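Biologist: I'm new to this one, and I'd like a close look at a single part: the packing inside. Could you pick a spot there and follow it outward for me?

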Amino acid sequence: LNHFMTKKLGLSSGGAQRIQGIRKQILALLGAPISALDGSSKGGFTNDRARNLFVSTNYDLWTQNKADAKNDDSHTSWLELSQEFYSYLNIEDVGPGPAPLDMRAVQGLGKDVLALDIYSWVVWRVFVAKGRDTKPIRWTRLQKQFGSEHKKTPEFKRDFMEALKKVRLMYPGLKFESTVSDFKLLASELAIEPKIQKRIKGKLS
């Protein structure tokens, strides 16, 4: 985990307390189901659909608690995506598979949470769109999707567009269109060529 934060994300480890805090967040994510919700209304009926997925059901993670602790090959961390989660990422209704992120962009945006969230979202949407424009999405819906703490939509839109400027610096091929009520991604080149792997291993400790 220490190696991943400092070398891959370009962040300061912040000492043992911060490392342990992030460790707890990762374990909470891996231990909690993710709900994929959908629904519709037709002919006087309402339909609600959901799938509860676990990101991983098999992992081995190491965290360095002391700065002078010796790190060797015996402390290599890895995780395996659950079959259900991996299959969900590749079903036709969701998209053609996981969209790869440019780690240089992740490093550059890592200290700006909103910009990093937007980057991840636009990369995925462009990847799924396969060279087409996406459907317009209302600002009110975007505000809910990003879990914004802004009480007023105009304030969220302002901060979103400011963060998007930073994203464009890392993803210059991104094209979009913004109106008073909607936001739409235009046909754009991919942020990075895809490389899908089921099992992800890396030296994270």
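Modeller: Start at phenylalanine 183. Skipping its neighbours within four places in sequence, phenylalanine 183 is in contact (heavy atoms within 4.5 Å) with Trp121, Lys135, Pro136, Ile137, Trp139, Leu142, Phe160, Leu164, Phe176, Glu177 and Ser178. Bear in mind that this is a predicted model, where local features need pLDDT of at least 70 and side-chain atom pairs count only at pLDDT 80 or more, while totals for chains, interfaces and linings use all residues. Residues are numbered from 1 along each chain as its sequence is written, and side-chain values use heavy atoms, with hydrogens and water left out.

Some of those partners turn up again in the largest nonpolar core, which has 25 residues; Trp121, Leu142, Phe160, Val167 and Phe183 are the ones that touch the most other members. A core here is a set of buried Ala, Val, Leu, Ile, Met, Phe, Trp, Tyr and Cys residues joined through side-chain atoms within 4.5 Å, and buried means under 20% relative accessible area, with exposed over 50% and partly exposed in between (1.4 Å probe, protein chains only). At least two residues of this core come from each of helix 4 (103-109), helix 5, helix 6 (139-145), helix 7 (153-170) and strand 7 (182-185). The biggest giver is helix 5, with 8 residues. Helices (H or I, at least four residues) and strands (E, at least two) are DSSP runs, numbered from the N terminus. Apart from this core there's another one, made of 5 residues, including Leu30, Leu53, Val55 and Phe85. As a general point, nonpolar side chains in soluble globular proteins tend to be buried together.

Now stay with helix 5 for a bit. Its buried residues are Ala115, Ile118, Tyr119, Trp121, Val122, Val123, Val126, Phe127, Val128 and Ala129. Who covers them? Among the elements that do are helix 4, strand 5, helix 6, helix 7 and strand 7.

Lysine 130 has a positive phi of about 55°, even though it isn't a glycine. With 58% relative accessibility, lysine 130 counts as exposed.

Back to where we began, for a look at charge. Glu177, one of the contacts of phenylalanine 183, forms a salt bridge with lysine 184, and the closest N and O atoms are 3.8 Å apart. That term means a side-chain nitrogen of Lys or Arg within 4 Å of a carboxyl oxygen of Asp or Glu. In total, the structure holds 7 salt bridges.

To put this part in its setting, the protein chain has 7 helices and 8 strands, and 27% of its 205 residues are buried.
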